[in-house]
Amino acid sequence: MLVCYLTDEPSKIPAIRAMLEPHFHIVPRLLGDVPPFYAGGVLMVDADLREMVRVQQIKHAMSELHAINEKLFIVQQHLHHMVAQAYALGATSVVRCSREIAPKLAKIEATMKAARADSSGITPEIANCAKGFASMFSAIEHGNSISLTDAESVTSQVIASIAQDGLSAWLDNVRRYHEGTFQHCLLVTGVAVGFALETRFAEADVRRLGIAATLHDIGKARIPLSILDKPDRLDPSEDEVMKRHPMIGYELLKDIPAISAEVLDGVRHHHEYLDGSGYPDRLQAGQITDLVRLLTISDIFAALIESRPYRPPMSRQDAYKILCDMDGKLEQPLVKAFRAVARAA
Ligand SMILES: [Fe+2]
Ligand SMILES: [Fe+2]
């Protein structure tokens, strides 16, 4: 589960990490310096509530972080009015000493999981992310542009969900969602983010890879539905049209200043192979960045395990075997590192 840890004292962070990781995924932030957290998981506030300046900073943070429902406060001072202060600031639960933290988080995690499993099998997170993809695709189909914020919002939700429940739950839930293109985007983003979290990428790198994955097939918004949703294999001329989507995606995004060069590179080159046999630019190994290599592996793995109208979904083990057999096209050390994710998935 994702735990956004908000504190007034940077020296507290290593001890919290040592105590709670790896079971919980800790994202630390300093009070007064609060860039957006992910919209999910638990917010854990650990600050001296006797200091007025801290109380003001927490109030401000709370108004920014209203999307996080669970707010756990650590109140070390054993004073009744401090506990009351925590609840007044928006706490949903309070612990009074460090050893209560892990059991309390485990309890919150169990409650949140139970609340999320709804009868349709499609969790609100998946429904929300799918809605995010749908609105980006529809904006492009209608000739409007999209913004980095649209992609960031979907990516944050995927990261929060996977940090919370794991990649396996994400993949199982997404496969109950039956809209081909969005299912694919949800799976690729999930696999890429799952890999980045598992490999303990820095937070900024998880986001960068996540955003590239979120946007990687955005060019498909301009591919005719008759091709995109064709229930059979594509014939060669349709395949030609389909293969235009990386370039289309690149063209759609290249003038949006907030979209980074790495993300653009991922959108344009996620079908390139190390041996130069990919498209659209027939890049060779040395021209293909790590982010793109990872994106390509995530894309192929996700495409193999998703359900297509003309074939049943492949098992994760079989899909992983195919990645291993693509020696020369995919970077094998990365494929090896991917093994843990494919197994966990
Ligand atoms: Fe693609
Ligand atoms: Fe794709």
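## Cavity

About 40 Å³ of space lies in the largest cavity of this predicted model. A cavity is a set of points, on a 1 Å grid over the protein atoms alone, where a 1.4 Å probe fits but cannot get out. Volume is the space filled by probe spheres set on the points. The structure holds 1 cavity of 30 Å³ or more.

Residues with an atom within 4 Å of a point count as lining. Here they include Glu272, Tyr273, Leu274, Ile288 and Arg293. Thr296, Ile297, Lys329, Leu330 and Glu331 also line the largest cavity.

## Iron site

His184 (NE2), His216 (NE2), Asp217 (OD) and Asp299 (OD) coordinate the iron ion (ligand 2) at 2.2 to 2.3 Å. Donors are N, O and S atoms within 2.8 Å of the metal; water is not among the atoms, so sites may look incomplete. The iron ion (ligand 1) lies 3.3 Å from the iron ion (ligand 2), and aspartate 217 coordinates both.

Donor residues of the iron ion (ligand 2) follow the spacing H-x31-H-D-x81-D. Histidine 184 in helix α8 (residues 180–198) and aspartate 299 in helix α14 (residues 290–305) are 115 residues apart. Helices are DSSP runs (H or I, at least four residues), numbered from the N terminus.

## Burial

Histidine 184 is buried, at 5% relative accessible area. Aspartate 299 also counts as buried, at 5%. Buried means under 20% relative accessible area (1.4 Å probe, protein chains only).

## Basis

Residues are numbered from 1 along each chain, and chains are lettered from A and ligands numbered from 1 as written. Local features need pLDDT of at least 70, side-chain atom pairs count only at pLDDT 80 or more, and totals for chains, interfaces and linings use all residues, while side-chain values use heavy atoms, without hydrogens and water.

Terms used
1 Å grid on protein atoms, 1.4 Å probe; cavity = no way out; pocket = protein on both sides within 12 Å on 5 of 7 lines; lining within 4 Å. Donors = N, O, S within 2.8 Å, 3.2 Å for Na, K, Ca; no water. Helix = DSSP H or I, 4+ residues; strand = E, 2+ residues; numbered from the N terminus. Buried < 20%, exposed > 50% of the residue type's maximum accessible area, 1.4 Å probe, protein only.
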